Amino acid sequence: MLTPSFDLSQDPDFLTIAIRVPHARVSEFDVYFQGVDFKFYAKPYFLRLTLPGRIVENGSEQGSYDADKGIFTIQLPKETPGQHFEGLNMLTALLAPRKSRTAKPLVEEIGASEEGVEDDDEEFDWEIEQSPYEEVSESALNLQGHYGFGGLRSGVFQRLQDEFSDVIDIKDPDFTPAAERRQKRLAAELAKFDPDHYLADFFEDEAVEQVLKYNPWWTNTYSKMMAFLEKSQEQENHAVLVSFSEEEKYQLRKFVHKSYLLDKRAHRQVYYSLADILLAYCYETRVNEGEKTVESAWNIRKLSATLCWFETWTNVHEVLVSFGRRVLCYPLYRHFKLVMEAYRDTVKILQLGKSAVLKCLLDIHRIFQETDPAYILNDLYISDYCVWIQKAKHTLSSRNGEGTSLRLSSTALTEITAELRTCCLVQKVGSSCRSLERSVPDEGPAGLRGGRAGGGRPSRPRGGSRSEGVPLCIRTADSLLQLRGR
């Protein structure tokens, strides 16, 4: 059986399902609907949907078939007129079967007898081999590392480290605990930081200013949402502002629905890692002005410590600091304005809701899928995120018990800036730039510009390693990476 392409729309009284079946035998088709169940069959197509709201058969249902386009259009009345059905564009969730409502335990012992009675006739083996008891330390028990979506994966890289060494920076992730991963990541960032590159981008920021003017798709969508909220106090369904292309709809139909058993800690971890991945994606989209390049997959995974180091997080503060450090260490454009713009972009995406987040994840999935061997990150993270986000709740309880919304509040950017000031990132860069402008002679920047115009990087100033001017910014840039523990 083939799953056909389909779209759902609604008005206050009806749910409309358009099903594209170009090669079906239209003389023989069946439609069944009741409650939240909808089934359609026209050989060789079969479609079963679990709807987010109840429909009813009351004689007002209608159906039509467009022979030229091969599209069945079925209009079904809502059981409660005026009810708004959420998540009509979450195709993977709609295709998932209804959860079983049985009272049977979710985990059972396979092969156990129903009565649970042992065979008393079986003779006990008294000659079984024994070994002395040895105390096993807790660290030895937790030696194997966990990673992937919600920390649900392990053992993937025991045999594949050589094949995927270009995708991740961490070596032996299966045997590296989370604390050690972070230590190695911070050391690698410190070693990678290049003061000359940072200075060149600071003085010669024409290219940076150009990409800052670019407006990705979510900018206009966000403006429409804010304009609506200014005119009406009612809560808008943000999903209608975000549409999916046919290619994206095809991606959604290809995903296999899963259920994820996440405890409270893993649940928070999933949200924090999602923010980290979105930050990297926003940077990549902006610097390439929406175009995909051979470096797109590299940019996303390199700027996301979640993807590159399998990093785990305990709060938003750690996510923001990590992203800021990596932007100033790895990509072509290493400017703090790009860090702040990526923060703003991510806030807009989160405020737009799950549909916007899902659209970004689908784009990341497509980028990784077309890049060998980055596709492994789809298996570990992105595919699960694409399925999970469609059923995710809007809120997440933070560490202090307060509600943290997936759609960040309007004060989110202020809170992010406060977090950065706490870790000295904003404060140090801002003060160093002002001091640098006052202390560097007029010919200093021109000299740097001249050095970079020829295609090379400006060399570190010679003579007097800690004098006025440029070395001040170098010292500040070096200290920028000394953030851990402050």
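Helices here are DSSP runs (H or I, at least four residues), numbered from the N terminus. This is a predicted model, where local features need pLDDT of at least 70 and side-chain atom pairs count only at pLDDT 80 or more, while totals for chains, interfaces and linings use all residues. Residues are numbered from 1 along each chain as its sequence is written, and side-chain values use heavy atoms, with hydrogens and water left out.

**Phe 310**

I found Phe 310 in the loop between helix H10 (305-309) and helix H11 (316-327). Buried or exposed, I asked, for Phe 310? Phe 310 has 1% relative accessibility, so it counts as buried (under 20% relative accessible area, 1.4 Å probe, protein chains only). Leaving aside neighbours within four places in sequence, I saw contacts (heavy atoms within 4.5 Å) from Phe 310 to residues including Tyr 147, Phe 157, Arg 181 and Tyr 381. The C-alpha atoms of Phe 310 and Gly 148 are 7.2 Å apart, although 162 residues separate the two along the chain.

**H11 and H12**

Next I checked which residues meet: Leu 320, Phe 323, Gly 324 and Val 327 in H11 touch Val 339, Ala 342 and Tyr 343 in H12.

**Cores**

I looked up nonpolar cores, meaning sets of buried Ala, Val, Leu, Ile, Met, Phe, Trp, Tyr and Cys residues joined through side-chain atoms within 4.5 Å. The largest has 99 residues, and Ile 19 and Trp 388 are among those with the most contacts inside it. Helix H8 (residues 264-287) gives the most to this core, twelve residues.

Notes:
Helix = DSSP H or I, 4+ residues; strand = E, 2+ residues; numbered from the N terminus. Buried < 20%, exposed > 50% of the residue type's maximum accessible area, 1.4 Å probe, protein only.
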